[in-house]
Amino acid sequence: MYHNIRTTLYHGSISMIQKVDVSMGRGRKDFGKGFYMSVSKQQAIGMMHKKYREAKRRYFNSSKENFQEILYQIELDKSKISSMDIKIFENANIEWLDFILMCRKSNDVPHNYDLVIGPTADDDTIYCLKRYYDGDYGNRNSFEAKKMLLKNLEVENLGIQYFIGKQEIADTLIQSFIPLERN
């Protein structure tokens with residue numbers, strides 16, 4: 001199973017990153033608070049543009065120079081992967097959804113995996129989760145409500161993300177972190 005793990009990944013940011021610091025991540029995300037990487041260069045570019053628009057909107061009085069779009073290419077150390085505790089979600093199913101629901105309730109990392117790999121919940125996730133929690137899809141935690149939530153997340157269009165929530169794993173696994181493009 002480990003032979004399918006990609007070792008070249010991408011990360012879009014709005015600031016220069018000298019070293020990955022997992023504590024800089026925000027909580028209530030798909031796999032917890034930490035550092036996210038994408039298999040797809042295009043997905044990382046899309047996230048970079050989204051972060052830039054959010055920063056401009058939130059900090060509209062700040063100078064534009066405070067934010068710059070930077071795409072990074074990341075190389076993972078393949079020799080370290082086999083010794084790690086890795087959770088892989090092959091597709092967006094009920095198990096994936098339960099994991100995301102657990103992680104999005106937490107401001108930290110509510111699991112102990114070294115690396116989590118799986119589909120990225122799309123931009124409509126917050127809206128769909130609110131409807132799920134409000135009971136619009138049926139009784140919360142019921143199989144039927146979860147199936148409706150998965151359907152509304154349009155899981156067939158989701159990209160693949162890699163997640164690291166422990167600093168020692170980031171320090172060990174990330175072999176190189178190279179800026180590719182700056183706008």
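Buried means under 20% relative accessible area, exposed means over 50%, and partly exposed lies in between (1.4 Å probe, protein chains only). This is a predicted model, in which local features need pLDDT of at least 70 and side-chain atom pairs count only at pLDDT 80 or more, while totals for chains, interfaces and linings use all residues. Residues are numbered from 1 along each chain as its sequence is written, and side-chain values use heavy atoms, with hydrogens and water left out.

**Exercise 1. Residues with positive phi**

Task: Determine where Arg28 and Asn141 lie, and classify each as buried, partly exposed or exposed.

Solution. 
- Step 1. Helices (H or I, at least four residues) and strands (E, at least two) are DSSP runs, numbered from the N terminus.
- Step 2. Arg28 belongs to the loop between β1 (8-13) and β2 (35-38). Its relative accessible area is 42%, so Arg28 is partly exposed.
- Step 3. Asn141 is in the loop between α4 and α5. With a relative accessible area of 56%, Asn141 is exposed.
- Step 4. Most residues other than glycine have a negative phi. Arg28, not a glycine, has a positive phi of about 60 degrees. Asn141 is also a residue other than glycine, and its phi is positive, near 75 degrees.

**Exercise 2. The partners of β5**

Task: Identify the strands that pair with β5 and the sense of each pairing.

Solution. 
- Step 1. Two strands pair if DSSP finds at least two bridges between them.
- Step 2. Strand β4 (residues 86-88) pairs with β5 in the parallel sense, over 3 bridges. Within this pairing, Ile86 has Leu115 of β5 as its bridge partner.
- Step 3. Strand β6 (residues 160-164) pairs with β5 in the antiparallel sense, over 4 bridges. Here Ile117 has Tyr162 of β6 as its bridge partner.
- Step 4. β6 also runs antiparallel to β2, and 4 bridges join the two. Phe35 has Ile164 of β6 as its bridge partner.
- Step 5. β4, helix α3 (residues 94-104) and β5 form a right-handed β-α-β unit. Right-handed means that, with the strands pointing away from the viewer, the path from the first strand over the helix to the second runs clockwise.
- Step 6. In strand β5 (residues 115-119), 5 of 5 residues are buried. In β6, 4 of the 5 residues are buried, so that strand is largely enclosed by the rest of the structure.

**Exercise 3. The faces of α4**

Task: Separate the buried and exposed residues of helix α4, and name elements that cover the buried ones.

Solution. 
- Step 1. In α4 (residues 125-133) the buried residues are Thr125, Cys128, Leu129 and Tyr132.
- Step 2. Viewed down the helix axis, the buried residues of α4 fall within an arc of 100 degrees, so they line one face. The arc is that of the directions from the helix axis to the C-beta atoms.
- Step 3. The face turned away from the buried side of α4 carries the exposed residues Ile126 and Tyr127.
- Step 4. The cover over the buried residues of α4 includes α3 and α5 (143-152).

**Exercise 4. Aromatic pairs**

Task: Classify the ring pairs Phe31 with Tyr36 and Phe99 with Tyr113.

Solution. 
- Step 1. Rings of Phe, Tyr and Trp (its six-membered ring) pair if their centres lie within 6.5 Å; planes under 30 degrees apart count as stacked, over 60 as edge-to-face and the rest as tilted.
- Step 2. The whole structure holds 10 aromatic pairs. For Phe31 and Tyr36 the centres are 6.5 Å apart and the planes at 20 degrees, so this pair is stacked. Both Phe31 and Tyr36 are buried.
- Step 3. For Phe99 and Tyr113 the centres are 6.1 Å apart and the planes at 50 degrees, so this pair is tilted. The pair links distant parts of the chain, with Phe99 in helix α3 and Tyr113 in the loop between α3 and β5, 14 residues apart.
- Step 4. Phe99 has a relative accessible area of 10% and is therefore buried. Tyr113, at 24% relative accessibility, counts as partly exposed.
- Step 5. Ring pairs join Phe31, Tyr36, Phe89, Phe99, Tyr113 and Phe163 into a cluster.

Notes. Contact means heavy atoms within 4.5 Å.
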